[in-house]
Amino acid sequence: MTPKTTTSKLRKCLLVIAAAGLVGSATTVAAVANPPEETPGRGSKDTALQKSLDALVSEDKFPAAFAWVRKDGRTSSLVSGSARLGEQAPVPHDGYVRAGSNTKTFTAVVVLQLVAEGKVALDEPIETYLPGVVRGEGIDGRKITVRQLLQHTSGLPNYTEHIGLENFARVQHKFFHPHDLLTAALAHPAEFAPGAKWKYSNTNYLLAGMLIEKVTERPVQEQITERVIRKAGLHHTSWPQPGDRTLPRPHARGYALSSMENGKVVDVTRMDPSWGGAAGQMISTPSDLAKFARLLLDGKLLAPGQLAEMRKTVDAPILPGWRYGLGLFSIPLSCGGAYWGHGGDIEGYETRGGATDDGRSVGLAVTALPGTFSDAEKSAKAVMSATDTAFCN
């Protein structure tokens, strides 16, 4: 069975970075729910979330699940499962994860800061900043605006579908240069005319990163670090340096399916994340991701005009009610209203969460992509349901 046939439509949309893996048999460690960390204000409201995390481990077979929540003036950190397959290893509270496409929101923030500085215009063609770079069959950078890149309405093909991620073991330790990733994308025709509809493509944010570098004449990782990470005081968030394949400690190990080993589950904690780039290379923790979303919505990272542009959304036909702004999803909640965030999927880790306008913030992670240990669509929905529980209960 091929990755194409085993990947649900939902997972294709939600996989912010990784290509789908083969669905095969796997041996999982029994769920070992660790006691929630004692935090101020912890109480019975955590029970529903703890049950959701336990179900992600026991029913959906994720090796570990953990969440950080702040609401009603209280903070909670809860965990379930095991940090390593085949063992009963305690899951670290608020451990490090590969943040995947949460990186896109950081990239979008820097672009919007440059807009506020008068160095970039949202409705200017990308050709203005990267002349002659965006060309291909049905692809013309003179007709694609910066806004369309950030909004996923450019029609550009998605480079992660064309670099061999379906055989992840072959690329797990491979270094990719952004220009090689762009070449892989532009070798394929446009998906649709710019502005015609919405479709997720990592190529949009690859180009946004190149735009940042061209305008600032500095590396995108430096700009994100100085303009966002340090400004927000995110002490556990970083952009891995070239060649760095490690994940800081403490962390629960991440797992994926290997098509090279007949669907065997392999440890992918150590990898070269260069293929993510400005679309998905960063490392963070659930609490830092929740804090970032909180500060963003509170206007601490962008001027009011640029934050308003970021929150102008179009329909994102993934699930009912989902909408996409500039590097930011608006996702409806069962208890009313919506939360703003992005989420990230990269081999080994899936993260979800964000913040609401009334002060709630959530970061949630599991240590495999949906479909690694159980049905992809069911397990993806289970993660979303747990995230909803974190906000609503």
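Helices H3 (residues 46-58) and H13 (residues 376-392) pack with their axes within 9 Å, crossing at roughly 165°. An angle over 145 degrees counts as roughly antiparallel, so H3 and H13 are roughly antiparallel to each other. This is a predicted model. The chain has 13 helices and 15 strands. Of its 393 residues, 61% count as buried.

**H3 against H13**

- The crossing of these two helices, H3 and H13, is left-handed.
- H3 contributes Ala 48, Leu 49, Ser 52 and Leu 56 to the contact. H13 answers with Ala 382, Val 383, Ala 386, Thr 389 and Ala 390.
- The residues of this contact divide into 7 nonpolar, 2 polar and no charged.
- Leu 56 of H3 is also listed among the residues with the most contacts inside the largest nonpolar core.

**The nonpolar core**

- In soluble globular proteins, nonpolar side chains tend to be buried together.
- Here the largest nonpolar core has 115 residues. Those with the most contacts inside it are Leu 56, Phe 106, Leu 150, Trp 275 and Met 310.
- Helix H4 (residues 102-116) gives the most to this core, with 8 residues.
- Contacts between residues 24 or more positions apart make up 70% of those in the chain with a separation of 6 or more.

**H4 and its two partners**

- Two packed helices are described by the angle between their axes and the distance between the axes.
- With helix H8 (residues 202-216), the axis of H4 comes within 10 Å, and the two cross at roughly 40°.
- H4 passes H8 in a left-handed crossing.
- On the H4 side, the contact uses Lys 104, Thr 107, Ala 108, Val 110, Val 111 and Leu 114. On the H8 side are Asn 202, Tyr 205, Ala 208, Gly 209, Leu 211, Ile 212, Val 215 and Thr 216.
- By class, the contact of H4 with H8 has 9 nonpolar, 4 polar and 1 charged residues.
- With H11, the axis of H4 comes within 12 Å, at a crossing angle of roughly 35°. The crossing of H4 and H11 is left-handed.
- Asn 102, Thr 105, Phe 106 and Val 109 of H4 meet Leu 289, Phe 292 and Leu 296 of H11.
- The contact of H4 with H11 has 5 nonpolar, 2 polar and no charged residues.
- Phe 106, part of the H11 contact, is also one of the residues with the most contacts inside the core.

- Thr 356 sits in the loop between strand E14 (349-355) and strand E15 (361-366).
- Its relative accessibility is 1%, under the 20% cut-off, so Thr 356 counts as buried.
- Leaving aside residues up to four places away in sequence, Thr 356 touches Arg 294, Leu 297, Leu 333, Ala 338, Tyr 339 and Phe 391.
- Asp 298 lies in the loop between helix H11 (286-297) and helix H12 (304-310).
- Asp 298 counts as partly exposed because its relative accessibility is 43%, between the 20% and 50% limits.
- Asp 298 and Thr 356 are 58 residues apart along the chain, and their C-alpha atoms are separated by 9.8 Å.

Notes:
Residues are numbered from 1 along each chain as its sequence is written. This is a predicted model: local features need pLDDT of at least 70, side-chain atom pairs count only at pLDDT 80 or more; totals for chains, interfaces and linings use all residues. Side-chain values use heavy atoms; hydrogens and water are left out. A nonpolar core is a set of buried Ala, Val, Leu, Ile, Met, Phe, Trp, Tyr and Cys residues joined through side-chain atoms within 4.5 Å. Buried means under 20% relative accessible area, exposed over 50%, partly exposed in between (1.4 Å probe, protein chains only). Helices (H or I, at least four residues) and strands (E, at least two) are DSSP runs, numbered from the N terminus. Axes are lines fitted to C-alpha atoms, for helices over the stretch in contact, and angles run from 0 to 180 degrees between N-to-C directions. Angles under 35 degrees count as roughly parallel, over 145 as roughly antiparallel, 65 to 115 as roughly perpendicular and the rest as oblique. A crossing is left-handed if the near helix is turned anticlockwise from the far one by less than a right angle, and right-handed if clockwise. Contact means heavy atoms within 4.5 Å. Ala, Val, Leu, Ile, Met, Phe, Trp, Tyr, Cys and Pro count as nonpolar, Asp, Glu, Lys and Arg as charged, and the others, Gly among them, as polar.
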